[in-house]
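Here is a short briefing on one protein model. Take a look at the structure, then work through the points below.

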Amino acid sequence: MHSVAQRSGRTRTANDKLNLRSLFEPNGVALIGASPKPSLAKSILGNLVSFGFDGNIAAVNPSYNIVDDVNCYRSISDVPFHVDLAVLCVRAENILSVLEECKRNSVRAVQIISSGFAELDTEEGRARQQELQRWAEDSETTIIIGPNTFGIINLHQSLVAVGDSKIARVVPGGVSGVFQSGQMVTVMHPLMGRGVGISKIATTGNEVSVTTAELINFFADDPQTEMIISYCEGIKDPERFALACTRAREQGKPIIMLRVGAHPEVRKTINRHTATQAVNSYEREIALLHDLRVITVASEEDLVETVVAFQACRKPSGNRVAFASFSGGMGNVVADLILSTPSLKLVSFSSQLRKRLGDVLPKFANCVNPLDLSAQSAFDAEVLSRCTRVLGGSGEIDLLLWGRDLPMSIEDDSPVGLALNELVAKHPEVIVIPVSQMNGLCRDDQIDRGPPTFAGRPLLQGTAVSVRAIGRVIEWHTSISRSGGG
């Protein structure tokens with residue numbers, strides 16, 4: 001394994017973190033290669049303007065004076081304000097000359113959108129990337145994100161510098177992401193749709209200079225980041241990566257990573273996507289991620305639901321799970337899933353608890369776990385309250401999963417809402433997590449009122465993906481407790 005200094009060509013300093021701060025919190029942004037023609041550059045410029053970035057914005061292209069109502073200059077030297085972040089959308093063969101101009105003008109951070117480097121898998125592309133890497137290693141003042149990226153986001157500063165034209169609204173929050181693939185930026189849509197706010201997102205592409213590890217390290221100390229998500233095609237600097245993940249864990253920030261490349265066929269395409277050499281590293285890196293307590297997932301759906309599970313489930317007292325619903329079928333499905341999840345324990349109710357439940361529930365309900373309260377109980381607030389009082393006071397459960405048919409909010413004044421809120425108030429040691437049988441959107445009036453929630457937290461959606469997500473949350477908290485962190 002190479003040392004950090006060997007890999008980067010120089011020892012990283014505190015200045016790099018300062019430059020990353022300029023990446024996410026620039027006072028001035030220049031889009032180099034801006035044009036009124038339909039393109040990523042046009043979309044990025046449009047997002048910078050339309051989402052209300054509160055710093056200075058300039059377009060740079062010698063062919064225009066104005067691009068979409070933004071003043072356009074011949075070169076970055078002509079921009080009348082200091083540029084902290086330059087976003088490059090120029091041809092690959094022109095990148096080095098533009099970088100030199102950025103350095104002369106004390107630009108601290110450069111995001112290279114342009115492709116045409118080692119991902120081409122040609123001698124010319126590889127040579128061009130080697131030149132870019134040498135430039136980055138020699139630079140003491142300017143960092144490079146990329147090349148072959150999609151942009152940068154900081155919703156706390158209304159900085160939306162990506163080519164996504166489908167962003168309808170922004171919800172600032174505590175989830176930050178680092179993605180080697182630009183399209184993974186779209187994971188922000190389902191998260192915001194579930195009421196989960198986004199802090200910062202960086203797309204890293206070929207990672208010729210700044211890597212996933214350095215961004216995780218930055219997020220670990222970022223006060224606006226509470227959780228870190230990642231799409232990774234290969235860890236380029238394992239030593240620094242381990243230090244960064246350890247730092248995040250010390251700060252109580254979970255890392256959820258979609259690490260692709262489980263199969264040899266995919267590892268070949270990874271090289272053509274971000275020029276990441278992943279042929280023989282997948283199994284070794286998965287073992288490293290496990291050792292570092294990084295939560296690994298295999299799909300975007302699992303990534304989203306695991307984030308939501310962390311939002312819905314504060315630190316639990318244990319892993320003893322009870323499930324209650326008005327459907328025996330859903331109970332059986334979820335019970336099977338819980339029993340198949342090693343980090344969760346489906347509680348076998350004691351005879352005393354079963355007797356107490358039998359005293360308060362209708363005769364056509366059952367008194368075992370999973371609880372089938374029957375459809376009639378849904379309309380009887382007193383039955384539900386008596387049931388949750390018995391469960392809460394039993395001392396036998398740590399989590400109560402409450403089954404729903406559709407992903408709809410639990411209203412506070414509904415029979416279920418009254419019973420569950422009473423349970424939360426009287427027994428805060430029991431975590432209540434509503435889980436819907438189905439996922440996706442439902443009735444229009446529900447959509448208009450915002451994402452489905454209970455007690456201000458998002459609901460989990462879909463049985464299998466939800467149980468997997470809860471299992472990951474419990475496993476992470478357990479591992480942190482055992483290691484003395486968190």
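This predicted model holds 3 cavities of 30 Å³ or more. The largest cavity has about 80 Å³ of space. A sheet and a pair of helices follow below.

**Largest cavity**
- Its lining is made by Ala312, Arg314, Val424, Ile431, Val432, Pro434, Phe454, Ala455, Arg457 and Pro458.
- Strands β19 (431-436) and β21 (457-458) each supply at least two residues of this lining.
- β19 gives the largest share, 3 residues.
- By class, the lining has 8 nonpolar, no polar and 2 charged residues.

**The open sheet**
- An open sheet has 7 strands with mixed pairing.
- The strand order is β3-β4-β2-β1-β5-β6-β7.
- Which strands stand at the edges? They are β3 (66-67) and β7 (143-145).
- Each edge strand has a single partner strand, so one side of each is left without a neighbour in the sheet.
- β3 pairs with β4 (residues 70-73) in the antiparallel sense, over 2 bridges.
- Ile66 has Asn71 in β4 as its bridge partner.

**Two packed helices**
- Two packed helices are described by the angle between their axes and the distance between the axes.
- Helix α4 (residues 95-104) packs with helix α5 (residues 123-138) at an angle of about 10°.
- Their axes lie 11 Å apart.
- Angles under 35 degrees count as roughly parallel, so α4 and α5 are roughly parallel to each other.
- α4 makes the contact with Ile95, Leu96, Leu99, Glu100 and Lys103.
- α5 makes the contact with Glu131, Leu132 and Trp135.
- The contact of α4 with α5 has 5 nonpolar, no polar and 3 charged residues.

Notes: Residues numbered from 1 in each chain as written. Predicted model: local features only at pLDDT ≥ 70, side-chain atom pairs only at ≥ 80, totals over all residues. Heavy atoms only, no water. Pairing = 2+ DSSP bridges. Helix = DSSP H or I, 4+ residues; strand = E, 2+ residues; numbered from the N terminus. Axes fitted to C-alpha atoms, helices over the stretch in contact; angles between N-to-C directions. Parallel < 35°, antiparallel > 145°, perpendicular 65-115°, else oblique. Contact = heavy atoms within 4.5 Å. Nonpolar A, V, L, I, M, F, W, Y, C, P; charged D, E, K, R; others polar. 1 Å grid on protein atoms, 1.4 Å probe; cavity = no way out; pocket = protein on both sides within 12 Å on 5 of 7 lines; lining within 4 Å. Points joined across faces, edges and corners; volume = space filled by probe spheres on them.
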